[in-house]
Amino acid sequence: MRAVLFVLLGGAVLVTWWRSRYPGGWAFAFGAGYASDREDLARARRELRDVEKALGRLETAARKRVEAESARHDRRLDTLERAVEDLRDPGLGVHRKERVGELVLYEHAVVSSRAGTIPLAGLQARFESGALTHSVYLTRPDGRVHRAKYPHRHAPGSVEEAENVRLFDEERVRDFAVAIQNAVAAENDFRSHLPAWLERRQEKLDEARQDTAALEEARRHLSQVLTGRGRDSRRKEALAGLSEACDRWQELTGCRPSR
């Protein structure tokens, strides 16, 4: 029963829509004697619709071109802006060495669990071995020194021995100190070139901001497509044809159909 009601409702909607397309009465909308008149009106509508679709595709393509060029321009600027920002604030950089005791080595700094972040620029690192403890001394450019301690032997009966404190192999600590020294040398070299690199990247960014030729061309093309839509001869002919068909229908029925 419900299915029958849906069919009847759908049929009623379709009939109402059809009569709105071909106004003037039942005979004009459905009568066989006016089939050719309905076909003339339908053909005029179809021709205009086809032209509108073709013009719509051109507009859609033009808008997508603008969107693509805008996105490409934005991506290029984002990449260059990040490159400039990475030089202005390099941060820690890449992870160079796993933690050895309290220290972790990065591209631009040593991070200590006790002393915090220690920049590599101008840093001096040296290794010393004592009777019970190896040491890595980190001397900052202002003279402040941080000592990282690496026990390699417990004193007999010490608390450390009782608590089984971790011991460090001398070669491993020496290698780590050398890795810090090499990272410092690389960082000092990086800092010496930094002003020139930053200047070049800033120049590229400024050039990219001004290089909007492709985007402006896409926008001009879209403007031409939008302007040409109103001037298109095919559309004008289709509009004129539909207007004539509507006039004939109005003369025939006394009712003017919609487009």
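This is a predicted model: local features need pLDDT of at least 70, side-chain atom pairs count only at pLDDT 80 or more; totals for chains, interfaces and linings use all residues.
What joins strand 5 to strand 6? A hairpin does, and it passes through three residues.

Strand 5 and strand 6 run antiparallel, and six bridges hold the pairing. One of the residues involved is F127, whose bridge partner in strand 6 is V136. Strand 6 also pairs on with strand 7. Seven bridges join these two, again in the antiparallel sense. Here Y137 has R147 in strand 7 as its bridge partner. The hairpin of strand 6 and strand 7 has five residues between the strands. Within this hairpin, G143 takes a positive phi near 95°.

How much of strand 6 is buried? Six of its seven residues are, so the strand is largely enclosed by the rest of the structure.

Strand 1 pairs with strand 2 over three bridges, in the antiparallel sense. In that pairing, H95 finds its bridge partner in Y106 of strand 2.

Helix 5 has 41 residues. From its first C-alpha to its last, helix 5 reaches 57 Å, close to the 60 Å expected at 1.5 Å a residue. The helix has a kink of about 50° at L194, shortly before the proline P195. L194 itself is buried. Other buried residues of helix 5 include V173, F176, A177, I180, A183, V184 and E187. An α-helix has 3.6 residues a turn, so residues three or four places apart point the same way.

Now look at the largest nonpolar core. The core has 21 residues. Those touching the most other members are L103, L105, L120, V136, L138, Y150 and I180. Strand 2 (103-106), strand 5 (124-129), strand 6 (133-139), strand 7 (145-151) and helix 5 (170-210) each supply at least two residues. Which of the elements gives the most? Helix 5 does, with seven residues.

Y150 shows how these pieces meet. Leaving aside neighbours within four places in sequence, Y150 is in contact with V100, G101, E102 and L103, among others. Also among its contacts are T133, H134 and V136. F168, V173 and F176 complete the list.

There is also a second, separate core. This one has 14 residues, including Y22, L41, A238 and W249.

One last stop is G241, in helix 7 (residues 233-253). Is G241 buried or partly exposed? It is partly exposed, with a relative accessible area of 23%; the cut-off for buried is under 20%. Along the chain, G241 and R43 are 198 residues apart. In the fold, their C-alpha atoms are separated by 9.3 Å.

Methods:
Residues are numbered from 1 along each chain as its sequence is written. Side-chain values use heavy atoms; hydrogens and water are left out. A nonpolar core is a set of buried Ala, Val, Leu, Ile, Met, Phe, Trp, Tyr and Cys residues joined through side-chain atoms within 4.5 Å. Buried means under 20% relative accessible area, exposed over 50%, partly exposed in between (1.4 Å probe, protein chains only). Helices (H or I, at least four residues) and strands (E, at least two) are DSSP runs, numbered from the N terminus. Contact means heavy atoms within 4.5 Å. Two strands pair if DSSP finds at least two bridges between them. The expected span of a helix is 1.5 Å times one less than its number of residues. The bend at a residue is the angle between axes fitted to the seven residues ending there and the seven starting there.
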